[in-house]
Structures are given as structure tokens and as C-alpha cells.
Amino acid sequence: MDSTFMTATAHTNIALIKYWGKKNAFLNLPTTSSLSLTLDRFYTTTSVSPSETSTDTFVLNEQVCDATRVHTFLKILRTQLGDFPPLHVSSDNHVPTSAGLASSASAFAALTGEVVAYLGLDLPKETLSRLARRGSGSASRSFFGHFAVWHEGVDDDSSFAESLHAPDMPIALIVAEVSGQSKKVGSSEGMMRAMTSPNYDDWVKQSANQFDDMTAAVANADIEKIGAIAENNALAMHALNLTATRQPFTYFTDETQLILSLIKDMRRQGILAYATLDAGPNVKIVTTKAQAPEIVAALHDYLPQLKLDVAVSGPGITY
Ligand code: 2P0
């Protein structure tokens, strides 16, 4: 074990082509491949050391937690990496829990990278992504800077993420924090309900086409096209929630709808602004670094209480 690897830092990511459904819940194999942008502003730092007790212990933002998901995940890592003694895990989330950004992506990526480094193992990021996937699907994409793809795969070995090796581009993502409330339907539950929509199979097919179109748009650094495809993909995902045959639901609030219509108005005025939404009511706006201040100002005029953050492309995991 190499205790000189003290801390791993992983950034969160926003899916531009979404993961919204599992074909194998035990292995966390998704029904679609997904594609994401890693963000600079939001990240998790994690360090591990030997536990002072006979069990794994976990401290998050300096508070002791009984995080079942972390304990379960450490058991999975022991089956995959070989047994290791109980660990003390200390994490700090620099992802405001109220920002509507999945802290589970950066959290499980940082934890995976840190444990593997602590054990003195040198594994490629693709292998780390496979391991992290078992903790939280979106974590598989958080090892890579800029753009990443997670290939759905057909089994544990073939479902992993890798860098998209995209050109640099002046893309920005504005996070509009609509609600500080915790999610009313968790992601795993939301996905299960969405899969009962009669439109689900069509969405899977459409997503595969959009994945190819998005890959081309990213290679061409075509931010307008990236935004347009991302918005379409996200709205189709949220339509599945509404049309679920078992417990249909929506994450949207009136304020979400208002922001979506303001974004449309901005587009009519020639501003590059497209929305994407995850498992909550907050809206993330794909735009350019140059146009972000104008969009922030316009939203602030309409909704002075709305909390707005501008993020740009972030790095992969660091130690
Ligand atoms: C995504 N989301 O691709 C999608 C879009 C939210 C909406 O991945 O069940 O916390 O732990 O694998 O990764 C959020 O779900 O779900 C998510 P689990 P996760 O980013």
C-alpha cells in the first residue's frame, strides 16, 4: 500500500447525451451509451487511510456518515481488487448539494481513484471507470477531462468510459439553480419508472443516433449543434418520465418551464443558448464563454432570486 497517495480529486460531469435506464441493475449496465462534459467548478476530494476500527468509516464534509452506498461500494471493490483492510474514507464535496448537480459522479470517481492509488495499483482510467460505474453510473465519465463517452457495453468488461479527445472549444455551461430541495424521485427510481413508458424503446434508438450526431458535433467544435442535440435528448428523456405507465412524474417546476421559455426567446434573438436537465428541476444552459454573461444578465433580470453559476470545461482525475 502506498500511503503517499493522499488525495484524489474528481470533477463532476453533465451528460449531453443522457444515461436514463439500466439493462442490468446489479452491474449498472446502461441501456444507452452517454456523452458528457466535465466541469471545472464542481469536484470532490477524497483521501483514505487505515481505519482505526474494524470496519470501514466514512466522513463527508467533516461529518461522520453511515453512507450505505459507500460501504456497499467498498465491498464491491474488494471483490474486484482483492481484499484490503478496513479503510477510513474522508471526502469533501465542492458540489453544492443544492446545485442540482450529481455529486455522486465526482464522489464515486474520486473514491475509486483514491482507493486504487492507495493500494499501489496502477490501472488505466478505462478500468477505473468500470469500477466506479458500480458505485454510480455517471461516475464512470468523471475520470476524463473535457468530453467523455461511456460505452453502454454488454457486460462488466465492455461497459466503460473513455476520453473523446475533443478539440478545445469555448463552451460554457450555466447552472440555474431552481430549487434547493432534495430530489423528489431518486435517479435509480426515476429510471425504472421511465423504462415503463411505451416510448422507451424509441428513445433508446433515437439516443443511439443522437450519440453519433453529438460525437460528430464535438469533433467539429460546433457548439450550436452540441446544444441543439443536447436539448432534444434531455427533453425526450424527461418526456419518458411523464409518459411512464407506472407512477408517471416530472422533475420540472413552473420556474423550470419559465426558464425553458426564456431560453427559447433568447434563441429567437440570436443568442446561442440550449437547455439540458437532469434528475431535478434545475436548468443547465449550454452556450459559449463569450455569450454566458449576457444570458446570466437576462435571467437575472427576469428572476432576480435565481442562483446562477457559470462553469467551463474541467480536467480529469488528479492526485
Ligand atoms: C446522466 N443522470 O447521464 C443522467 C441524466 C441523471 C440524468 O446519471 O443509479 O446517480 O447511481 O447509476 O449516475 C444520475 O444517475 O445513477 C444520472 P445511478 P446516477 O448523468
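Among contacts in the protein chain between residues at least 6 apart in sequence, 73% join residues at least 24 apart; two residues are in contact if their C-beta atoms, placed from the backbone, lie within 7 Å. The model is predicted: local features need pLDDT of at least 70, side-chain atom pairs count only at pLDDT 80 or more, and totals for chains, interfaces and linings use all residues. Residues are numbered from 1 along each chain as its sequence is written.

**Overall fold**

- The protein chain contains 8 helices and 13 strands, which are DSSP runs numbered from the N terminus (helices: H or I, at least four residues; strands: E, at least two).
- Its radius of gyration is 19 Å, close to the 20 Å of the globule rule for 319 residues, so the protein chain is as compact as a globular protein of that length; the radius is taken over C-alpha atoms, and the rule is 2.2 Å times the number of residues to the power 0.38.
- Along the principal axes, the C-alpha atoms of the protein chain fill a box of roughly 60 × 40 × 35 Å.
- Of the 319 residues in the protein chain, 46% are buried, that is, 20 or more other C-beta atoms lie within 10 Å of their own.

**Helices H7 and H8**

- The axes of H7 (residues 254-268) and H8 (residues 292-302) come within 11 Å and cross at roughly 130°.
- Ile259, Leu262 and Met266 of H7 make the contact with Ile295, Ala298, Leu299 and Tyr302 of H8.
- The residues of this contact of H7 with H8 comprise 7 nonpolar, no polar and no charged; Ala, Val, Leu, Ile, Met, Phe, Trp, Tyr, Cys and Pro count as nonpolar, Asp, Glu, Lys and Arg as charged, and the others, Gly among them, as polar.

Note on methods:
Buried ≥ 20, exposed ≤ 12 C-beta atoms within 10 Å, placed from the backbone. Axes fitted to C-alpha atoms, helices over the stretch in contact; angles between N-to-C directions.
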